[in-house]
Amino acid sequence: MAVDTKLPYDKSYIEQFSSERNEPAWMKELRINALEQAESLELPKPDKTKIGNWNFTRFKHVATGETISSLTDLPAEIQDFFDVENLPENIVIQRNHSVAFAQLNEELKNKGVIFTDIFTALKEHEELVKRYYMKDAVSVDEHKLTALHAALMNGGVFVYVPKNVQIEEPLQAVFWQEDPEVALVNHVLVVAEENSELTYVENYISNNKEEATVANIVTEVIAQDNAKISFGAVDNFAAGTTTYVNRRGVGYRHATIDWALGQMNDGNTVSENVTHLIGDGSVSNANAVTVGRGKQIQNFTAKIAQWGKNSDAQILQRGVMKESATTIFNAIGKIEHGATGANNEQTSRVLMLSEKARGDANPILLIEEDDVTAGHAASVGRVDPMQLYYLMSRGITQEEAERLVIHGFLDPVVAQLPIAAVKKQLKQVIERKVN
Amino acid sequence: MAGSTLEIKNLHVEIEGKEILKGVDLTIKGGEFHAIMGPNGTGKSTLASAIMGHPKYEITEGSVLLNGEDVLEMEVDERARAGLFLAMQYPSEISGVTTSDFLRSAINARREEGDEIPLMKFIKDLDKDLDYLEIDQSMATRYLNEGFSGGEKKRNEILQLMQIKPDIAILDEIDSGLDIDALKVVSKGINKMRGENFGCLIITHYQRLLNYITPDFVHVMMQGRVVKSGGPELAHRLEAEGYDWIKEELGIEDETVGQNA
């Protein structure tokens with residue numbers, strides 16, 4: 001069966017969409033050029049997963065969402081993302097494609113910190129957005145999905161932390177796809193200027209078990225010299241959403257970008273998390289965890305490419321597979337020529353809970369420099385019966401023993417999530433998916 | 001009735017088709033400390049594992065009863081909740097699960113839903129036992145047995161014993177690999193359990209543990225059977241004279257399981 005890959009939206013639609021939002025001319029132009037490229041570019045080719053039949057192109061593009069006056073007006077499943085007793089000071093809640101709620105601490109505003117939705121940022125901070133939007137991290141023309149993203153971007157946030165500003169309180173974004181049919185083409189742009197520091201955590205959620213739609217997410221994270229970015233995420237799209245998520249970091253001299261990604265989608269997912277360590281002494285720790293269930297197919301690539309001397313890269317992937325789920329983990333370490341003293345370590349582990357589940361862990365090291373250190377470990381295995389015996393010999397039921405082993409297996413990644421409430425919420429999602 | 005009774009009758013056990021235990025009889029009552037001694041390879045650890053329900057061991061004959069209930073019909077976790085405990089020679093490492101979370105799960109497994117141990121009481125009790133066993137408080141938040149030294153694993157087993165408070169405990173070579181200071185601390189923990197509601201089976205092939213824990217009964221295993229039983233004086237004689245005199249008495253040349261008398 002031939003798959004209809006004809007794009008659902010044309011140039012005039014995009015012009016109108018852009019005009020309605022009073023976008024700057026360059027943005028409109030970027031969208032229109034991207035649409036042209038999307039027609040001819042191929043889909044990406046994630047290693048070992050065929051996505052040619054996946055629906056990335058047919059979807060409803062726009063829906064608005066009502067604003068709320070207080071965080072406590074949100075439904076319980078959204079309130080799970082924060083501590084209701086101690087409400088977050090810095091938060092943006094996007095409901096479908098509207099901002100339902102946004103606030104930022106006054107002190108941070110006065111220091112020049114920007115944390116706002118992408119459309120407001122295009123109006124109020126046009127030059128900054130223009131400087132970074134699909135320039136240094138992700139390019140429009142990488143493949144059909146990046147081009148489609150650029151053409152149809154319909155949500156997202158912009159985070160900007162000026163030079164020498166260190167933020168202790170986390171910034172949190174919640175992307176709530178309330179409408180079960182609408183696609184989320186979300187763009188997150190995080191820029192940390194020299195010697196700045198921030199923690200950003202995002203949550204994606206939808207409930208479309210039956211209705212088919214698409215999430216096409218591009219995240220660009222730029223850490224200038226000596227900047228430190230801690231990036232956390234919990235993705236929780238329902239089974240009906242086919243997801244492409246591309247989170248990319250660029251680190252300059254002595255910059256640090258740490259990722260903690262809880263990838264808990266129930267639908268088919270292609271996830272790329274690529275970090276370029278450009279500067280000497282730059283560091284990245286890429287941690288990701290997933291639970292696959294049902295018949296979902298997922299492909300996760302974590303790649304860290306190192307140009308900087310003495311740069312350090314650590315990839316840690318953990319996955320639990322149940323029922324008939326299929327997951328491919330690709331961990332790629334690339335050390336470029338000239339990156340002397342670089343270190344790259346990667347570990348991918350998959351725990352299989354069913355005979356029908358499939359898991360594959362592919363560690364790849366591509367090294368073009370002699371004076372480096374690198375190592376990798378990968379394993380695909382089952383729950384160790386000796387562990388269950390040991391736990392059960394203390395009176396713990398088999399079910400509870402398995403639960404402990406599974407949570408324990410995922411804990412090294414879960415523990416990295418920077419906000420306690422989000423960590424707790426991720427544990428709840430894991431609990432739901434595992435049991 | 002004071003305490004529980006564990007009765008092992010004519011127990012035969014195989015592993016991978018090879019018979020290791022060839023008819024063990026032993027009764028342990030609340031308030032009693034029993035020691036099983038014997039050289040390596042005579043079936044002591046097999047006895048411990050078979051009673052607890054280790055998946056690799058197959059019972060081919062005989063019975064194990066706890067207060068008259070058939071233990072062999074129970075799942076491993078049911079045996080534990082019925083009152084049995086095994087301090088293992090090689091405890092598993094459980095990555096990602098802290099000692100504290102694990103202990104709380106084990107304690108709550110014995111309580112009804114809605115009647116879980118209050119967190120503050122749990123922490124207080126745990127701190128007390130950690131101190132008693134001279135274990136650093138940090139162990140509570142370390143992943144269970146992961147990266148523990150041999151001595152730390154043994155202390156952790158005794159910590160679990162003290163926290164879970166079983167009716168009948170089997171300690172499988174709890175003394176192996178311990179230096180003298182650690183041995184004293186571990187013994188102190190075991191002795192603290194003494195009482196009419198606690199029975200204990202200590203498996204060892206060194207007499208030195210019994211310098212710190214005085215058994216009421218001493219049994220010697222050879223060729224997969226209990227070949228001699230006596231009081232604490234038997235352990236002293238074994239230390240002084242070794243096992244050869246028993247072999248001579250029984251006409252045994254090789255005491256290990258592979259050989260039939």
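Start with the salt bridges: this predicted model holds 35 of them over all chains. Side chains of opposite charge can pair when their charged atoms come close. A few are worth a stop before we move on.

**Stop 1: salt bridges within a chain**

Select Glu431(A) and Arg403(A). They form a salt bridge, with the closest N and O atoms 2.9 Å apart. Glu431(A) sits in helix α10 (residues 420–434) of chain A and Arg403(A) in helix α9 of chain A, so this pair ties together parts that are 28 residues apart in sequence. Are the two partners buried or partly exposed? Glu431(A) counts as partly exposed because its relative accessibility is 27%, and Arg403(A) also counts as partly exposed, at 23%.

Now hop over to chain B and pick Lys188(B) with Glu134(B). This is another salt bridge, and its closest N and O atoms are 3.4 Å apart. Lys188(B) belongs to helix α6 (residues 180–193) of chain B, while Glu134(B) is in the loop between α4 (119–132) and α5 of chain B, so the bridge ties together parts 54 residues apart in sequence. Lys188(B) is partly exposed, with a relative accessible area of 30%.

Stay in chain B and select Lys228(B) and Glu249(B), whose side chains meet in a salt bridge (3.2 Å, N to O). Here strand β10 (residues 225–230) of chain B supplies Lys228(B) and helix α8 (residues 244–250) of chain B supplies Glu249(B), so parts 21 residues apart in sequence are tied together. With a relative accessible area of 24%, Lys228(B) is partly exposed.

Back in chain A, select Glu142(A), Arg248(A) and Glu272(A) together: they are linked in a network of salt bridges.

**Stop 2: where the chains meet**

Show both chains and look at the contact, which takes 18 residues from chain A and 32 residues from chain B. The area buried between the two chains is about 2,000 Å², and carbon and sulfur atoms give 63% of it. Which residues of chain A lose the most area to chain B? Color Tyr389(A), Tyr390(A) and Arg394(A): together they make up 41% of what that side buries.

On the chain A side, the elements giving two or more residues are α8 (385–392) and α9 (398–414). Of these, α9(A) gives the most, with seven residues.

**Stop 3: helix α8 of chain A**

Zoom in on α8(A), which is mostly covered: six of its eight residues are buried. To see them, select Gln387(A), Leu388(A), Tyr389(A), Tyr390(A), Leu391(A) and Met392(A). What do they pack against? In chain A it is α9, and in chain B it is α1 (44–52), α2 (76–82), β6 (84–87), α3 (99–108) and α5 (150–164). At the N-terminal end of this helix, find Asp384(A), which caps it with a side-chain oxygen 2.8 Å from the backbone nitrogen of Met386(A).

**Stop 4: the nonpolar cores**

Next, select Leu47(B), Leu171(B) and Ile190(B). They have the most contacts inside the largest nonpolar core, which has 98 residues. Helix α9(A) gives the most to this core, with eight residues. Center on Ile190(B) and look for its neighbors: among the residues it touches are Phe33(B), Ile158(B), Leu171(B) and Ile213(B). A second, separate core of 46 residues includes Ile14(A), Trp26(A), Ala121(A) and Ala150(A).

**Stop 5**

Pick Gly251(A), in strand β10 (residues 241–251) of chain A. It is buried, with a relative accessible area of 1%. Its contacts include Ala223(A), Ile257(A), His276(A) and Ser282(A).

Then try Arg131(A), found in helix α6 (residues 126–132) of chain A. Arg131(A) is partly exposed, with a relative accessible area of 41%, and its side chain makes a polar contact with the side chain of Asp136(A) (3.1 Å).

Finish at Thr5(B), in strand β1 (residues 5–15) of chain B. Thr5(B) counts as buried because its relative accessible area is 18%, and buried means under 20%. Residues it touches include Ile28(B), Lys29(B), Leu65(B) and Leu66(B).

Notes
Residues are numbered from 1 along each chain as its sequence is written. Chains are lettered from A and ligands numbered from 1 in the order in which they are written. This is a predicted model: local features need pLDDT of at least 70, side-chain atom pairs count only at pLDDT 80 or more; totals for chains, interfaces and linings use all residues. Side-chain values use heavy atoms; hydrogens and water are left out. Contact means heavy atoms within 4.5 Å. Buried area is the accessible area (1.4 Å probe) that two parts lose on being put together, summed over both. Helices (H or I, at least four residues) and strands (E, at least two) are DSSP runs, numbered from the N terminus. Buried means under 20% relative accessible area, exposed over 50%, partly exposed in between (1.4 Å probe, protein chains only). A nonpolar core is a set of buried Ala, Val, Leu, Ile, Met, Phe, Trp, Tyr and Cys residues joined through side-chain atoms within 4.5 Å. A polar contact is a pair of N or O atoms within 3.5 Å; within protein, one must be able to donate a hydrogen and the other to accept it, and residues adjacent in sequence count only if both atoms are side-chain atoms. A salt bridge is a side-chain nitrogen of Lys or Arg within 4 Å of a carboxyl oxygen of Asp or Glu. Lists of a residue's contacts leave out its neighbours within four places in sequence.
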